[in-house]
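Subject: Handover of a structure and notes on what was found

Dear colleague,

Please find the structure below, followed by a short account of its contents.

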Amino acid sequence: MTAQPSEYHRRVAAQKRTSIIEAATKLFLDSGYDGTSLARIAEAAGVSRATLFKQFSTKAALFEAIVTEHWKIDDEEAPSPEPGNLRAGLETIGHRYVALLTQPGMAALFRIVIAEVPRFPELGETQFKLGKMPYFESVRRYLAAENAAGTALLDDAEMAATQFLGMISNYVFWPRMLLARWEPDDSSVMNAVDQAVLTMVARYGAPGPHRA
């Protein structure tokens, strides 16, 4: 019979995993994906090579973990809004999206991909398939559910999701890629979300109290 790991050992393993991911993200950004070895990551994370290889046998596997970690949404703690009130649902999604985009390391993750994708296109594919698309699909499904409930009138939920997320990220996130000091205050971010929600409700909202 194989002994199950104790809560203590699971917690230590999780802490080491976090340290590895943080160290790898910084080294990939500083030295490039190709210029960073797993040995250097282990040293920077303060773990043995054996510990690192036990969790991540290749750099590709480690990068996949970095992507999924940064785009991770806990469905139990943050379930998709129930359809029935388009404005309220979009407000919830909009604020969660801001929190996701402005979390520590997200801008660094995009910079790694942008810098390395000409030589390592698989990094872009990983970011797209494991990060952006699963999140995007959750928003698309929500809008499709509002349409099915009759609280939204739209022919293309995919395009509507693209428009909504684009309005927010174009103000909150993308300027960070070029402007090192881009840090809009909370009220400006709140206004960006509110304006995106109002635009979506005006364009797609069905007549009813959910528009108020």
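Among contacts in the protein between residues at least 6 apart in sequence, what percentage join residues at least 24 apart? The figure is 71%, where a contact means heavy atoms within 4.5 Å.

Please note that this is a predicted model, in which local features need pLDDT of at least 70 and side-chain atom pairs count only at pLDDT 80 or more, while totals for chains, interfaces and linings use all residues. Residues are numbered from 1 along each chain as its sequence is written, and side-chain values use heavy atoms, with hydrogens and water left out.

Overall architecture

The protein contains nine helices and zero strands; helices (H or I, at least four residues) and strands (E, at least two) are DSSP runs, numbered from the N terminus. Its pattern along the sequence is therefore written α-α-α-α-α-α-α-α-α. The C-alpha trace spans about 60 × 50 × 30 Å along its principal axes. Of the 212 residues, 40% are buried. Here, buried means under 20% relative accessible area, exposed means over 50%, and partly exposed lies in between (1.4 Å probe, protein chains only).

An annotated span

UniProt lists residues 37-56 as "DNA-binding region" in an unreviewed entry. The UniProt positions are given in the numbering used here, feature names are shortened, and annotations may be inferred rather than shown by experiment. In the model, this span is 75% helix and 0% strand, and its end C-alpha atoms lie 12 Å apart.

Helix α5

Helix α5 covers residues 86-101, 16 residues in total. From first C-alpha to last it reaches 22 Å, close to the 22 Å expected at 1.5 Å a residue; the expected span is 1.5 Å times one less than the number of residues. Its buried residues are Leu86, Gly89, Leu90, Ile93, Gly94, Tyr97, Val98, Leu100 and Leu101. They lie on the same side of α5, because they cover an arc of only 165 degrees around the axis, the arc being that of the directions from the helix axis to the C-beta atoms. These buried residues pack against α4 (59-70), α6 (106-116), α7 (121-149), α8 (157-172) and α9 (186-204).

A salt bridge is a side-chain nitrogen of Lys or Arg within 4 Å of a carboxyl oxygen of Asp or Glu. Glu91 is partly exposed at 27% relative accessibility, and Arg87 is partly exposed at 24%.

Helix α6 and Glu116

Helix α6 is mostly covered, with eight of its 11 residues buried. These are Met106, Ala107, Ala108, Leu109, Phe110, Ile112, Val113 and Glu116. The buried residues of α6 pack against α1 (7-31), α4, α5 and α7.

Glu116 has a relative accessible area of 6% and so counts as buried. Its side chain reaches the backbone nitrogen of Tyr33 at 2.7 Å. Leaving aside neighbours within four places in sequence, Glu116 is in contact with Gly32, Tyr33, Asp34 and Leu123. Glu116 also meets Arg119 in a salt bridge at 3.0 Å, N to O.

One of the pairs is Arg140 and Glu137, whose side chains meet at 2.7 Å, N to O. These residues are three apart in helix α7, which means that about one helical turn separates them. Arg140 is partly exposed, with a relative accessible area of 24%, and Glu137 is partly exposed at 26%. Elsewhere, salt bridges that share partners join Asp34, Glu116 and Arg119 into one network.

A residue in helix α9

Val201 is placed in helix α9. At 5% relative accessibility, Val201 counts as buried. Val201 and Gly32 are 169 residues apart in sequence and 43 Å apart in space, C-alpha to C-alpha.

With kind regards

Key. A polar contact is a pair of N or O atoms within 3.5 Å; within protein, one must be able to donate a hydrogen and the other to accept it, and residues adjacent in sequence count only if both atoms are side-chain atoms.
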